[in-house]
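We'll begin with a pair of packed helices and then look at one helix face by face.

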Amino acid sequence: MSALAAPAAVRPARPRHLAGTGTLLRLALRRDRLMIPGWVLALGLVVVATGPSFAALYDTAARRAELAASMNANGSLRALYGPVLADSLGGLVAWRMVGLGAVLAALMSLLIVVRHTREEEETGRQELLLAAMVGRRAPLTAALLAALIADAGVAALTAAGLTATGRPVGGSLALGLAIGGAGLLFAALAAIAAQLTESARLARGLTGAALGAAFALRAAGDASDGAGAPGSGGAAVLTWLSPVGWAQHLRAFAGERWWVLLLFAAATALAITAAYALAARRDLGMSFLPARPGPARAARSLGGPGGLAWRLQRASLAGWAAGFAVAGAVFGGIAKGAAGMVGGNQRTREIFKRLGGQQSLTDAFLATIIGLLGMVAALHAVGAVLRLRAEETGGRAEPVLAGAVGRLRWAAGHLVLALVGTAAVLAAGGLTLGVAYGASVGDVAGGTGRVLAAALAQVPAAWTLAAVATAVLGVLPAATGAVWALTGGCLALGWLGPVLRLPRWALDLSPYAHLPKLPGGAVTAAPFLWLTALTAVLLCVGLVGLRRRDIG
C-alpha cells in the first residue's frame with residue numbers, strides 16, 4: 001500500500017495550537033503555589049479589613065460626610081486617593097482601596113504572565129516543552145489563564161468578604177470586579193510586552209511603565225477642579241484614559257455603573273487578540289524589539305562582573321529614574337496648594353499628619369509623597385537583586401563563574417548596583433520634587449535641599465528590603481517569588497496603616513515605619529543605624545548562603 005493511500009488512522013495528526021494548555025496551566029499553578037495564594041489572600045483580606053477599620057474611625061454618618069466633603073474639596077488628596085463617591089462605609093472602602101487594589105492586582109498579573117511566557121523562552125525551557133505535544137499558543141494561553149484564576153480569586157474574596165461584613169452585595173461585587181478587571185487587563189498588556197521585548201526584565205519594565213502612566217493619568221484627572229464632586233457623575237477626561245480610572249468609574253457602593261465592565265472586557269479582548277497575533281508572527285526566542293547588535297569588540301568595562309551587571313541593568317535603572325523624576329515634578333507642583341485647599345478642615349489635617357507626621361501641613365504632604373516614593377523604590381531594589389536569580393536560572397551565570405570570577409564577586413556587582421541605583425532613583429524623584437516645590441514658593445535652593453535630603457532618608461528602608469531579597473536568594477532560592485509579596489505587604493502597610501490606625505506592632509513590621517517623617521520631623525541617628533546594620537547582616541546571610549549552595 002502506498003504512502004498516499006495510508007489509512008487516516010496512521011497519518012500524522014495535525015498539530016493543535018492549544019494542545020497541552022491544561023498541563024501547562026497545572027504546571028504554572030504548581031510553580032506559583034505560594035506566590036498566587038499569597039497575593040490573593042493579602043490583597044483580598046486588606047480590602048475586607050478596611051471596612052471594620054473605617055467603621056471604628058467614622059462611626060456616624062456625620063463624620064463620614066465630613067470626611068467625604070473634606071477629601072473632595074482637596075485636589076492634592078484627590079490626586080493621591082481619588083474622590084469619595086459616597087459617604088457610606090462601603091463608599092469609603094471603595095474610595096480607599098479601588099485605586100491601590102487595581103495597581104496591586106495589575107502588578108500581580110504582569111508578574112505571573114511574564115514569568116510563564118517570556119521568562120520561559122529566555123531560559124530555554126519553553127523550547128523543550130514545544131518539542132513535545134504542545135501547541136504554539138499553549139504557553140501564552142496557560143499564562144493568561146493563571147492570571148485569570150488569580151484575579152478571579154481576588155475579586156471573589158473581596159466580594160464575599162465585604163458582603164460577609166455587612167456591605168451591600170452589589171457594591172461588594174462591583175469593587176471585586178473593578179480590582180480583578182484591572183488586573184486581567186494588565187495581564188493582557190503584559191502578554192503583548194512579552195512578544196515585543198527580548199527579555200523578561202524588559203517585559204516587566206514596559207508593562208510597569210504602562211501601569212505607572214495609568215496611575216499618573218488617573219491622579220492628574222482627579223486633581224483637576226470638579227473631578228471629585230460626589231454624585232455628579234462627571235469626571236476629568238484623563239481619568240477615562242486610564243484603566244485605573246475605569247475601576248474608579250465603576251462606582252462601587254455609589255450607584256454602580258455596570259457598563260464600565262464592558263470597557264475592561266473590550267480592552268482585554270483587544271489586547272489578548274494582539275498578543276496572539278504577535279506571537280504567531282515571530283519565531284521562538286525572538287522579539288519585535290530586538291537588542292541592537294553591539295560593537296565587534298567589547299568595552300573594557302565588560303571585563304568584570306561589575307561592568308556586566310551595569311550593562312544588564314542600566315536601561316531599567318534609567319527608566320526608574322525617569323519615572324521618579326516625572327512623578328516628583330507632578331507632585332511638587334501641587335504641594336504648595338495643600339495647606340490652602342485644606343483650610344480649617346480638621347479631618348483632612350489629621351489624615352495628612354497621620355501619613356506625613358505632625359509638622360506643618362505642607363511638610364506633611366511632602367513627607368507623604370516622599371514616603372510613597374520610598375516604598376515604590378523598594379520594588380526597583382528587589383528587582384535588581386533578583387536579577388541574580390534570573391541570571392542563574394537562565395544558565396548565564398555558569399559561564400561567568402566558570403572563569404576567574406568567584407560567586408561573591410559576581411553577586412557583588414549586582415548588589416552594589418541595586419543599592420546605589422536605589423539611592424539614585426530616590427535622588428531623581430527628590431530632586432524634581434524639591435525643584436518643583438521650591439519654584440512654586442520662590443525658594444528653589446532651600447526647597448530642593450530639604451526635600452532631596454528627605455528623599456535620601458528613605459534609602460535605608462529600601463536597602464533593608466533588598467537585603468531580605470538577598471537573604472532569601474542565598475538561603476531559599478526557590479522562594480524568591482515570596483519576596484514580591486513581602487514587598488507589596490510593606491507598601492500596603494505604609495500606605496493604609498496610618499489612615500486605618502492599625503496597631504503599632506503591625507506598622508512596625510515595615511522598615512519604613514521606623515524612619516522619621518521628613519521634611520519637618522525630628523531626626524535621630526538610631527533608626528538609620530539599626531536599619532543599616534540589619535541590611536548588612538541580611539546581606540552577609542545571603543552571600544554566605546549563595547557561596548555554599550549549588551548554582552541553579
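Helix α17 passes helix α19 in a right-handed crossing (the near helix is turned clockwise from the far one by less than a right angle). In this predicted model, local features need pLDDT of at least 70, side-chain atom pairs count only at pLDDT 80 or more, and totals for chains, interfaces and linings use all residues. Residues are numbered from 1 along each chain as its sequence is written, and side-chain values use heavy atoms, with hydrogens and water left out.

α17 spans residues 361–393 and α19 residues 407–441; they pack at about 155°, with axes 9 Å apart. That angle makes α17 roughly antiparallel to α19 (over 145 degrees, on a 0 to 180 scale between N-to-C directions, with axes fitted to C-alpha atoms over the stretch in contact). The contact involves 17 nonpolar, seven polar and two charged residues.

Now for α1, residues 21–31, whose buried residues are Thr21, Leu24, Leu25 and Ala28 (buried is under 20% relative accessible area, exposed over 50%, with a 1.4 Å probe on protein chains only). They sit on the same side of α1 because they cover an arc of only 105° around the axis, taken from the directions to the C-beta atoms. On the other side, Arg26 and Arg30 are exposed. The cover over the buried residues includes α5 (89–116), α7 (125–130) and α8 (138–164).

Zooming out, the protein chain has 24 helices and zero strands (DSSP runs: H or I of at least four residues, E of at least two). Of its 552 residues, 53% are buried.

How values were computed. Contact = heavy atoms within 4.5 Å. Parallel < 35°, antiparallel > 145°, perpendicular 65-115°, else oblique. Nonpolar A, V, L, I, M, F, W, Y, C, P; charged D, E, K, R; others polar.
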